[in-house]
Each structure stands twice: as structure tokens, then as C-alpha cells.
Amino acid sequence: MTKLTVLSVVAASLLLVGCGEEVKETAKAATETVAEKTSAAVDTTKEAASAVAEKTTEVATDAVDATKEAASTVAEKTTEVATDAKDAVVEKTSAAVDTTKEAASAVAEKTAEVATDAKDAVVETAGDAVDATKEAATAAVEKTAEVATDAKEAVVETAAATTDAAAEKVEESKEAVAEKVAAPAVDLAACAACHGTDFEKVAMGVSKVVKDMSKEDIATALKGYQDGSYGGNMKALMKGQVAGWDAAKIEAVSAQIAK
Ligand code: HEC
């Protein structure tokens, strides 16, 4: 606005210049006034501009300072926060590391413990197994020895029994043979018709039951029939039965019948 006013004044002055000497004077004065006013306006404008510039500079400076300050504060704050964060991270990391170390240590300890336990258990089990095996082996050896001993004893016993039985049989056989040799069997079938198979009858209704007589009495009777010194009414009959018998045969037959 001020600039337009100045320009209008200048234009009017220029128009007035064209109107002669008076006009020239007037114009000159006007021009001077205009120049003065313009100068004053310029000065005012300069001053204002200067003030604006100063203010602007001041404001800008303030702004810059404020910005700087704010930036600084922000930087400081950021550094602080970063430091805090770093510290916190370091602290947390340290704690985490400690916890991890602790956990690792605990795991290691537990693992070592479990491994030791497992080893102990294995050693114990192995020991038990060895003991059980030894025991079983010892029992087997003992049982085998026992069985072997029993078998040996049984064999010895059986052998002894067999030997005894054999010896007994031999003895029996020997005795039987000796008996046979001592008393050769005589065929007494001829006697059975009158005296019965076992001399259990009363021959012809008159004789004694010969099987009930003693060996001595039988022998005495038979010898008596030979020489006529024994018997009853039918002694002649019996003399014929034993004719030709020697003393040995009479002895053997007497023993055989008396039993
Ligand atoms: C035919 C029948 C007859 C025959 C066989 C016979 N006996 Fe006799 N025996 C008699 C009569 C009978 C008497 C009783 C005689 C008497 O003493 O009167 C007798 C008696 C005896 C007696 C004595 C018994 C007593 O009463 O004292 C003797 C022992 C005997 N006989 C043994 C034998 C023998 C051993 C034989 C076979 C080798 C035999 N006799 C065959 C009939 C027989």
C-alpha cells in the first residue's frame, strides 16, 4: 500500500512537471517532498525490514536454538534412554546369561548325577547279575557234584547189593549143589502105590504114616526089614522093597522122606 501511494504521488508530480515554470517549481517542490517522503518511507520500510529481519533472525535463531536444544535434549534423552536400554539389556542379558549358566550348571549337575546313578545302577545290576550267575553256577556245580555223588553212591550201593545178591545166590547154589551131592535123589515112585506120593497113607491098612516118622526111625525100620529084625505081619513085603540097598542109600532115602 505504501509503495502504491508513493508511485501515485510520483506520477502526479510527473504530470505537473509538464505545466510550465510554476508548475516546474511546484513539481520540484513536490518532487522534493515526494523524494523526502519516499526516503522516509524507504527508511521506515528499511527499518521495518530490518526489524522484521532482526525479528526473523531472532525467531530463527530462537527456533534454531530451540531446535538445537530440543535436538540436544532429544539426543540426550535418546542417549539416556539408549544407555538405560543398554544397561537394562546388559543387565537382562547378564541375568539371562547367569540364569542360563545356572540352568546349564544345574542341568550338568543333574546329568552328572543321573549318569552317576545310571552307572551305579548298571554296576549294581551287573554286580547282581555276576553274583546271581556265580551263585547259579555254584549251585549248578554243587548240584552236579551232589548228583554225581548220589549216582556214584547209588552205583556203589547197587554194585554192593548186586555183589551181595550174587554172593548170596552163589552161596545158595553152592549149598543146593552140596545138598544134592550129599543126598542124591532116589526114585521113590515105586513106594507111592502103597504109601502115597508123599508117604501120607497107611500102607495096606497096617503101616504107620511114614512122613510123620523121624529120619532115624525110618532108617531103623528099613534096616530092620533088610535083616528081618523089624516089622509086623507084612514085614516080608517090605524086605523085598529094600533088598540090595546099602547103608548110604538107606540114609539118603530116610532123609528124603522125613524132610
Ligand atoms: C505093596 C505095598 C508096599 C510097597 C510097594 C511098599 N511098602 Fe512100605 N510097607 C507096606 C506094609 C504093608 C508095611 C507094614 C509091614 C509090617 O511091618 O507089617 C510097610 C511098612 C513100611 C515102613 C515102616 C512103617 C511102619 O509101620 O513101621 C517103611 C519105612 C516103609 N514101608 C517104606 C517103604 C518104602 C521106602 C518103599 C518103596 C521103596 C515101600 N515102603 C514100598 C507096604 C508097602
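The expected span of a helix is 1.5 Å times one less than its number of residues. I wrote that down before opening the structure, which is a predicted model.

**Entry 1: helix α6.** I counted 12 residues in α6 and took the distance from its first C-alpha to its last, which came to 17 Å, close to the 16 Å expected at 1.5 Å a residue. I then looked up which residues of α6 are buried, and found I250, V253, S254 and I257. Around the axis they cover an arc of only 105°, which puts them on the same side of α6.

**Entry 2: the chain as a whole.** I stepped back to the overall layout and recorded six helices and zero strands in the protein chain, with the elements running α-α-α-α-α-α from the N terminus on. Buried residues make up 6% of the 259 residues. Among contacts between residues at least 6 apart in sequence, 49% join residues at least 24 apart.

**Entry 3: helix α4.** For the 13 residues of α4 (residues 215–227), the span should be 18 Å at 1.5 Å a residue, and I found the end C-alpha atoms 19 Å apart, which agrees. Which residues of α4 are buried? I listed I218, A219, A221, L222 and Y225. Seen down the axis of α4, these fall within an arc of 160°, so they line one face of the helix. On the other side of α4 I found E216 and D227 exposed. The buried residues of α4 pack against α5 (235–241) and α6 (247–258). Taking Y225 by itself, and leaving aside its neighbours within four places in sequence, I found contacts with Y230, G231, K235, M238, K239 and V242. After α4 comes G228, whose phi is positive, near 80°.

**Entry 4: the nonpolar core.** The largest nonpolar core has 11 residues, namely F199, V210, I218, A219, A221, L222, Y225, M238, I250, V253 and I257. The elements that give two or more residues to this core are α4 and α6, and α4 gives the most, with five residues.

**Entry 5: two residues in one loop.** F199 lies in the loop between α3 and α4, and M204 has its place in the loop between α3 and α4. Is each of them buried or exposed? F199 is buried, because 23 other C-beta atoms lie within 10 Å, whereas M204 is exposed, with 10 other C-beta atoms within 10 Å.

**Entry 6: around the ligand.** I went through the 24 residues around the ligand and noted that C191, C194, G231, G232 and M234 come nearest. The elements that give two or more residues to this shell are α3 (189–195), α4 and α5, and the largest share, five residues, comes from α3. Sorted by class, the shell has 16 nonpolar, six polar and two charged residues.

Technical notes
Residues are numbered from 1 along each chain as its sequence is written. This is a predicted model: local features need pLDDT of at least 70, side-chain atom pairs count only at pLDDT 80 or more; totals for chains, interfaces and linings use all residues. Helices (H or I, at least four residues) and strands (E, at least two) are DSSP runs, numbered from the N terminus. A residue is buried if 20 or more other C-beta atoms lie within 10 Å of its own, exposed if 12 or fewer, and partly exposed in between; C-beta atoms are placed from the backbone. Two residues are in contact if their C-beta atoms, placed from the backbone, lie within 7 Å. The arc is that of the directions from the helix axis to the C-beta atoms. A residue is near a molecule or strand if its C-beta atom, placed from the backbone, lies within 6 Å of it. Ala, Val, Leu, Ile, Met, Phe, Trp, Tyr, Cys and Pro count as nonpolar, Asp, Glu, Lys and Arg as charged, and the others, Gly among them, as polar. A nonpolar core is a set of buried Ala, Val, Leu, Ile, Met, Phe, Trp, Tyr and Cys residues joined through C-beta atoms within 7 Å.
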